[in-house]
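Biologist: I'd like to learn how to read a sheet. Could you walk me through one?

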Amino acid sequence: MTHMLSRLAMAASLLALLACGGKADTEMSEAKSASAETAADQETQDAASSETASEPELVQAPEGSRAAEDMAIGSPDAPLTIIEYASVTCPHCATFHKETFPQIKERFIDTGQVRFVYREFPTAPVRLAQAGFIVARCAATDSGPEGYFAMIDALYKTQQSWMFSQEPGAELRNIAAQAGIDDEGFQTCFAREDIRDVIVASIEQGRDDGVSATPSLAVDGKTLDIGRTPDDAIAAIEAELEKRS
């Protein structure tokens, strides 16, 4: 029941975002006044306000779609798996992916020592975060994690422009177009049942794992303290690898 209510709340709110052209006055206010608010709290409010909304018509995934896969990079045989819960509207997540993640990737993921899994955990403004994740999952339909991480990277690099735009829906369309998603495909992505379900499942898993802030990295079900700098993160990962040597 929780899963269904969450999915319907997401569907109704995102259709409203697209239908109104994506004006972001409310979104900007949310971001400024509740930047630490998590999806777990916001979704409850969204669901309550959307109980009377009619269920939109959802569409099935195209054959062979990879959009609902685990979004992971790195060797499946890596001795260490790191799970990140993050939001594309989270400034700290953007900083992490711009400054720290490239070093983690080069040093540990590309060398086969770490398998890195990214899971969606939308934070305020939640509707925009959900929309961004839908576009990222849509980009993974044919190419899987490669397309997904490329879109996540683009969303973080342009976070300030699309998130605070007066028409974030239009900005997301433009970003999607650069990944080869035309307007019809963009609309279809927002009606994809597989994409909505996997994002809701990620949120629920994050709740179960006790995620309370983003970005949050976990190893073996426990939060990994990565400090404040890239060097701190590298040292924390090296310590975990040392335990497995």
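Modeller: Let's go through the sheet strand by strand. This is a predicted model, where local features need pLDDT of at least 70, side-chain atom pairs count only at pLDDT 80 or more, and totals for chains, interfaces and linings use all residues. Residues are numbered from 1 along each chain as its sequence is written, and side-chain values use heavy atoms, with hydrogens and water left out.

Biologist: In what order do the strands sit in the open sheet?

Modeller: Strands of a sheet pair through backbone hydrogen bonds, either parallel or antiparallel. Here 5 strands line up as S1-S3-S2-S4-S5, with mixed pairing. The edges are S1 (71–73) and S5 (222–223), each pairing on one side only. Strands (E, at least two residues) and helices (H or I, at least four) are DSSP runs numbered from the N terminus, and two strands pair if DSSP finds at least two bridges between them.

Biologist: Which strands does S4 pair with?

Modeller: S4 (residues 216–219) runs antiparallel to S5, joined by 2 bridges: Ala-218 partners Thr-223, and Val-219 partners Lys-222. S4 and S5 make a hairpin with 2 residues between them, and Asp-220 in that turn has a positive phi of about 55°. S4 also pairs with S2 in the antiparallel sense, over 3 bridges; in one of them, Ile-83 partners Ala-218.

Biologist: Are the residues on the two faces of S4 buried or exposed?

Modeller: Buried means under 20% relative accessible area, exposed over 50%, and partly exposed in between (1.4 Å probe, protein chains only). Ser-216 and Ala-218 on one side, and Leu-217 and Val-219 on the other, are all buried.
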